[in-house]
Amino acid sequence: MATKVVMAQLSPTMEEGKLIEWKVAEGDAVAQGDVVAEIETDKANMDVEALGGGVLRKIVVQAGETVPVGALIGVIAEPEEAIDDLIAAAGATPVASAEPAEGPPSGTPADAVTPSAAAPVEPAVSETTSAVVTPAPDAPAPRAPVAAAPATPAQEPTEAASGRTKASPVARRIAAERGLDLSRLAGTGPGGRIVKADVETALAGAPPAVEAPSVAAEPAAPSGPPTAPSAPAEASTPVAPLESRVEEASQMRKAIARRLAQSIGPVPHFFLTTEIDMGRALELRADINARSSDGKIGVNDLLLKATAEALNRHPAVNASWEDGSVRYHGSADIGIAVALEGGLITPVLRDAGRKGLRQISVEARDLIGRARDRKLTPEEYQGGTFSVSNLGMFEIDEFTAIINPPESGILAIGQTAEKPVVADGEVVVRKRMRVTMSCDHRVIDGATAAEFLQTLQRMMENPAVLLV
Amino acid sequence: MPVLSYRDALNEALREEMERDDSIFIIGEEVGEYDGAYKVSKGLLERFGEWRVRDAPIAELGFAGLGVGAAMSGLRPIVEFMTWNFALLAIDEVINSAAKLHQMSGGQYTVPVVFRGPGGAALQLAAQHSQSPEPWYAYVPGLKVIAPATAKDAKGLLKSAIRDNDPVVFIESEIMYSLVKDEVPEEEYLTPIGKAEVKREGTDVTIVCHSKLVHQSLSAAQALAQDGIEAEVLDLRTVRPLDVPAIIESVEKTNRAVVAEEGWPMCNIGAQVVDDIQREAFDYLDAPIARVNGLDVPMPYAKNLEKIVTPNAQHVAEAVRHVCYS
């Protein structure tokens, strides 16, 4: 029995793939599971395995060609088996022959980018590429409607090669008004253009609209020992106050946002981990708590304070993506992930960047306590600008947290534990804590996040600055 | 309501206005003794006499200029061009005099002249006599340009044109003089200049058109309705000034537009309409706008070729299907 080799969909966002290389030639024998070809997806180069054995009878798509997901690229069959009908049928409807040859990813992430992804700055995209109806001024007009491309079949890839979602203006407007994500619709217009009818169908609830990944940080319950108010301490080195503003994103920034959002969903995450030496922070905490009869300061309070200070110094981290703009928030409102029975909630410590350690400690303790009692009002757990999630108490070394949109970053705090560390050429035991930051790549780049983490690390390792 | 031909409706308009206001006179080739080359001025000489119905020599520039001068001097001339093709000889008076003198005289002069005659292709009149002049004049600030499609509109608009204090270019149609017949109110009425009219209501696409193409569009709409496409036919009636609000209102309802006219595609009325739509109704469009025009060539004499060059209802229907993705 003949086996189709098709352009497999290797990621949810993959619409088409480029055939890099055939690993076997026409006429070669193929066993089930053999790698027969290599394809380039929007993220990586992947191998295509044969789903059945026989002989590679026909190469339909040559190396270098790009075809939609599901398109027939080759046929494996017995030497004498008739395959013409199969090829003819696929030729007529390349998209319909979906029998994905699951090519398990063995590609190298290093060459992960398609040419278009590597060039994020695109020229203004014009809609004029497909089916031009209007005759060019010097084109015979009455014929033009006759000659114009016929309406294209439904269910074509919605996204043009440029990465732009093709949608008619009215479809865009209605989608925007109703909060519908066009990138999740299949367009039935020419070239896969999403038209008004597609949006109306989607709003009527007909097609299985993919559920947007929901919010939420990882469950966590930061501990904040009680304490009473004392003189609020001001931050150390003076920095410019945070400023509220919305800045039109550059073309490059928009292109990055679009490409990355397409690749792994609405919020393109990336993760950075660093390790912080907690020795001095623990000493400082012990010192403060030994000399104060007020409520105790916890490691978590120091972390919140350091996070707030780091946000003050890196406003780019304290920002949100707003469809073409980046909103920089005028205050560092830190969400604190608190685990609850059956879920979690993130009470927001408001304007933490302008508060002292003691005040932060008091407010955090109050918020966490009332969060556990489920006594928060909506204003108290909505509208954060950055979050912190701590699983240290569960002896988790490190983990990654999911960003709580529209925030652009979240810190995942691991436990503080004794670890062997090389210092001055000797192995010594130190108290170390791992911190992993999840970032929205539309807003925050790797270097930005790294600088933020470095600031956080230096503050935690020289915690006296948190008292100034 | 009596049914009148396009020709008779125009004749009624001339007669009624000349009865009403004796400053109105008509001048042109064969408008008097011969009752007009297309009989639009039939009976006017008999009724109003040769002072008000003047046969002119074959000298378009001369009698067009006479009309402009008379208008500046307080009369209300109607200058008939046997066809608009002949008006090319007089276009200097239309554009450089009539359209501009109000502004150039700082408002001291008004030029209430009507230039009228048939435009467009008839049948085998070949390259020099089958032209659609609307864009030539619509281009000019200072002119109003009217191209009615029905007898009722022809009468109401010609009366408005005669009463208007600015120069008006009034483009009729040789084909429509006899073929178009519709109900015309007995009582007096004026059709406002600059107002489009929905000739057929529809929900799926707006066909913006004027003059002869209104009829092609209506017949296309009828055919399309059998396939479940309800086209709205918007007759511009006046092409300068354009009734942009009416166009936008319709396109906002239907989300699609086809612009149809008889003339050449480059810089024609449809090009302007498309521009207005994309600027004013961009967020309402569900498809690129399609245009239907005559082919971009001088009209051939041969009958079979003329048929190919001239837009018809089928072309309109195909354009509609295209923008409806059907």
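**Figure 1. A:Arg374 sits in the loop between helix 9 (357-372) and helix 10 (378-381) of chain A.** The model shown here and in every other view is predicted; local features need pLDDT of at least 70, side-chain atom pairs count only at pLDDT 80 or more, and totals for chains, interfaces and linings use all residues. Residues are numbered from 1 along each chain as its sequence is written, while chains are lettered from A and ligands numbered from 1 in the order in which they are written. Helices (H or I, at least four residues) and strands (E, at least two) are DSSP runs, numbered from the N terminus. Phi of A:Arg374 is near 55 degrees, a positive value in a residue that is not a glycine. For comparison, most residues other than glycine have a negative phi. Is A:Arg374 buried or exposed? With 9 C-beta neighbours inside 10 Å, A:Arg374 counts as exposed (20 or more other C-beta atoms within 10 Å of a residue's own make it buried, 12 or fewer exposed, and a count in between partly exposed, with C-beta atoms placed from the backbone).

**Figure 2. A:Asp323 lies in the loop between strand 11 and strand 12 of chain A.** A:Asp323 has a positive phi of about 45 degrees, although it is not a glycine. A:Asp323 is exposed, having 9 other C-beta atoms within 10 Å. In strand 12 of chain A, A:Tyr328 is the residue opposite A:Ala319.

**Figure 3. Strand 5 (residues 45-49) of chain A is largely enclosed by the rest of the structure, because 5 of its 5 residues are buried.** In a regular strand the side chains alternate between the two faces of the sheet. Here both faces are covered: A:Asn45, A:Asp47 and A:Glu49 are buried on one side, and A:Met46 and A:Val48 are buried on the other. The partner on display is strand 4 (residues 35-40) of chain A, which pairs with strand 5 of chain A in the antiparallel sense over 5 bridges. Look for A:Glu38, which stands opposite A:Asp47 in strand 5 of chain A.

**Figure 4. Helix 4 (residues 169-178) and helix 5 (residues 196-203) of chain A pack with their axes 8 Å apart, at an angle of about 25 degrees.** Helix 4 and helix 5 of chain A are therefore roughly parallel to each other (under 35 degrees counts as roughly parallel, over 145 as roughly antiparallel, 65 to 115 as roughly perpendicular and the rest as oblique). The contact draws on A:Val170, A:Ala171, A:Ile174, A:Ala175 and A:Arg178 from helix 4 of chain A, and on A:Lys196, A:Asp198, A:Val199 and A:Leu203 from helix 5 of chain A (residues are in contact if their C-beta atoms, placed from the backbone, lie within 7 Å).

**Figure 5. An open sheet of 5 strands in chain B has the order 9-11-10-13-14 and mixed pairing.** The edges are strand 9 (197-200) and strand 14 (290-292) of chain B, each pairing on one side only. The twist from one strand to the next averages 25 degrees. Strand 9 and strand 11 (residues 231-235) of chain B pair in the antiparallel sense over 3 bridges, and B:Val198 has B:Leu234 in strand 11 of chain B as its bridge partner. Helix 13 (residues 313-323) of chain B lies across strand 10 (205-209), strand 11, strand 13 (257-260) and strand 14 of chain B, and runs at about 175 degrees to strand 14 of chain B.

**Figure 6. Two cis peptide bonds, one from A:Pro405 to A:Pro406 and one from B:Arg240 to B:Pro241.** Most peptide bonds are trans. In chain A, omega is near 5 degrees for the bond from A:Pro405 to A:Pro406, and A:Pro406 belongs to the loop between strand 17 (386-390) and strand 18 (409-423) of chain A. In chain B, omega is near -5 degrees for the bond from B:Arg240 to B:Pro241. B:Pro241 is in the loop between strand 12 (238-240) and helix 10 (244-254) of chain B.

Conventions
Pairing = 2+ DSSP bridges. Axes fitted to C-alpha atoms, helices over the stretch in contact; angles between N-to-C directions. Contact = placed C-beta atoms within 7 Å.
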